[in-house]
Each structure stands twice: as C-alpha cells, then as structure tokens.
Amino acid sequence: TLRLTYWDIDNLEHPWANKCYSYEQAEQTAAFLKKYKNTGVEFVAHCEGGICRSSGTLAAFVRYLNLPDKVFFERYRPNMLVFNRLLEKLQEVDSG
C-alpha cells in the first residue's frame with residue numbers, strides 16, 4: 001500500500017500550490033507502480049472526490065503502458081499536474 005496526501009491543485013499559481021502533488025510523490029508513485037506492474041496485482045487509486053487525482057494517476061499509468069486512456073479523459077477530469085508529473089517520473093524510471 002502506498003498512501004500519499006496532497007491537495008487537488010493543478011495550478012502552480014494557486015496560493016496553496018505547495019500542497020499539490022510533488023515530484024517526490026510522483027517518484028514514489030512511479031517506483032511503486034513499476035515494482036508491481038508485471039505481478040498480476042490489480043491497482044486501485046482513490047482520492048477524496050474520486051474524479052481528479054485518482055484518474056490522473058491511473059491515466060498516467062495506462063498511458064505509460066501504451067494502453068488506451070481515453071476513458072479517463074471522457075468520464076473524469078484528471079488532475080493534469082498529477083498526470084504529467086507521474087508520466088514524467090514513470091518514463092525517467094525506465095531511462096535511468
């Protein structure tokens with residue numbers, strides 16, 4: 001289990017932007033997902049609202065796996081800061 005706490009903020013100009021998804025949290029998430037990706041383990045991501053942060057996490061992981069991620073953008077509102085930072089870190093884990 002990986003538990004992270006951060007606010008649903010995707011605008012770095014927001015007064016509380018320091019409480020948003022950090023690069024360190026993205027790195028922790030990427031390492032966790034990569035550790036279990038080929039083990040048959042099912043992933044569950046949950047946030048308080050269940051619309052933005054969790055869908056941003058799963059959309060990034062699905063995109064990283066080269067699977068269709070369209071449903072996340074049609075049915076939910078992925079937090080794009082979470083999506084972009086996590087996707088970046090997932091790709092870094094591969095290259096470094």
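The legends below describe views of a predicted model.

**View 1. Overall fold of the protein.** The protein has four helices and zero strands, where helices (H or I, at least four residues) and strands (E, at least two) are DSSP runs numbered from the N terminus. Read along the sequence, the pattern is α-α-α-α. The radius of gyration, taken over C-alpha atoms, is 13 Å, close to the 12 Å that the globule rule (2.2 Å times the number of residues to the power 0.38) gives for 96 residues, so the protein is as compact as a globular protein of that length. Along its principal axes, the C-alpha trace spans about 40 × 30 × 25 Å.

**View 2. The largest nonpolar core.** This core, a set of buried Ala, Val, Leu, Ile, Met, Phe, Trp, Tyr and Cys residues joined through side-chain atoms within 4.5 Å, has 16 residues, and Tyr 21, Leu 86 and Leu 90 have the most contacts inside it. The elements giving two or more residues to this core are α1 (23-36), α2 (53-64) and α4 (80-95). Buried means under 20% relative accessible area with a 1.4 Å probe, protein chains only, and 36% of the 96 residues of the protein count as buried.

**View 3. Surroundings of Leu 90.** Leaving out residues up to four places away in sequence, Leu 90 touches Ala 30, Leu 33, Lys 34, Ala 60, Phe 61 and Tyr 64, a contact meaning heavy atoms within 4.5 Å.

**Notes.** Residues are numbered from 1 along each chain as its sequence is written, and side-chain values use heavy atoms, with hydrogens and water left out. In this predicted model, local features need pLDDT of at least 70 and side-chain atom pairs count only at pLDDT 80 or more, whereas totals for chains, interfaces and linings use all residues.

Technical notes:
Buried means under 20% relative accessible area, exposed over 50%, partly exposed in between (1.4 Å probe, protein chains only).
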